[in-house]
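Work through the exercises below with the model open. Try each task before you read its solution.

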Amino acid sequence: MKKSMLSDPFEKARENIGYGNMDDQGDPVTMLLRLKDVRKTAHNWKTFQSGATPGRIVVPSEVNIRDVRQIPFEVDPPEHTDYRKLVEPWFKRPLEKEYQAKLTQQINDIIDEVLQLDSVEVVEEFSLKLQSRALTLLLNVPYEEAKTWIDWGTHVFRSEGVALDGDKANILYDYIDEQIERADKAPSDDLYSVLLAAEVNGKKMTKEEVKGVMILTFAGGRDTVINAVTNSIAYFAEHPESLQRLKDEPEITGNAVEEFIRYFSPLTHMGRVVTEDTQVCEHAAKANSRVSLCWASANRDPKTFENPNDIVLDRKINPHVGFGFSHHNCLGATHARQILNILISTLANKVQSIDIVECQENVETLGEFKRKVGYDSIRVQFHPR
Ligand code: EMZ
């Protein structure tokens, strides 16, 4: 088996019953595994809500380490609509030429950096750095801020051996509080200042609401982007022909990005809280219980995706849910897509081949399922063209 492969642990359960069960800190989750059910449930915010106790829709639940509501992610319509409308244009800035030029420069620089090294541990020395530096563009803050964020490590709520690390979470919360105070005193053109000046649902945004948007921006786009970038490097290491093909046919880069997101599904699933007794997949779901929308399983559903376990670089029909689905689809998707797009084309132009020296897989245990989502570490050698 290739080291870069991400197998599909959900296949049998998806076909046979359509759901799986897992325990999460005593608050069980019914995981929905079929694309059709995942989509239907994502739409139905009345019965399957996001705006429950802050942290409860995340699996593993963050209720014990967080009481600030992430916005717009943990808000349901109709309030959600206004929040989303407010932040949407800001998160579409990655479509601007100037933004892309800066991101291209950052990605060129980091690839040049690693091409100088004998070997590189991709998660810490490449993906985390790339993600943090790119985030300075999304927030529109000085490049130097990335150093602080890199020191936090790959996940802001998790540390080695600790799934939910309250002390670590506090570092992020305190940092954001400080930044909000700074922006309040001396407004600039960064995201904090823009949010502090904004009005939503007829009222000026409170500092608590601004904090909610900022926590989401830091936490939601961190390990997900790091997984996507790291998995891409591992894939190219074992598929030099794909790197060559993307150099020869740059016009398929956009398809390749979507296919990577489908195949890697950097976020395995996201929960919802059931508001009334109902059924999912002919299975009773009680009010106040949790279900999850398993993007990773839905993205391998053979009813929609032909050869779901293959990476087909130029896959034509690809209605994946790797960025979620419906009104809560990923706010950071434009930024993430740009990162992957530029990463792929820069690698294709600068790198001849990549060798994996050693790796430690990152495997999530979800009840009966074990899913590889990426790597805890992976050391590689980059060889220039
Ligand atoms: C939450 C989540 C959002 C959560 C799109 O996902 O990402 C997770 O990594 C965070 O831990 O708090 O932001």
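Predicted model: local features only at pLDDT ≥ 70, side-chain atom pairs only at ≥ 80, totals over all residues.

Residues are numbered from 1 along each chain as its sequence is written.

**Exercise 1.** List the residues around the ligand and sort them by class.

Step 1. Sort them. Six are nonpolar, two polar and two charged. Ala, Val, Leu, Ile, Met, Phe, Trp, Tyr, Cys and Pro count as nonpolar, Asp, Glu, Lys and Arg as charged, and the others, Gly among them, as polar.

Step 2. Find the main contributor. Helix α9 (residues 207-220) gives the most, with three residues. Helices are DSSP runs (H or I, at least four residues), numbered from the N terminus.

**Exercise 2.** Describe how α10 and α12 pack.

Step 1. Take the axes, lines fitted to C-alpha atoms over the stretch in contact; angles run from 0 to 180 degrees between N-to-C directions. Helix α10 (residues 223-238) and helix α12 (residues 253-264) pack at about 105°, axes 10 Å apart.

Step 2. Classify the angle. α10 and α12 are therefore roughly perpendicular (65 to 115 degrees).

Step 3. Name the contacts (C-beta atoms, placed from the backbone, within 7 Å). N227, A228, N231 and S232 of α10 meet F260, I261 and F264 of α12. This contact has four nonpolar, three polar and no charged residues.

How values were computed:
Helix = DSSP H or I, 4+ residues; strand = E, 2+ residues; numbered from the N terminus. Parallel < 35°, antiparallel > 145°, perpendicular 65-115°, else oblique. Contact = placed C-beta atoms within 7 Å.
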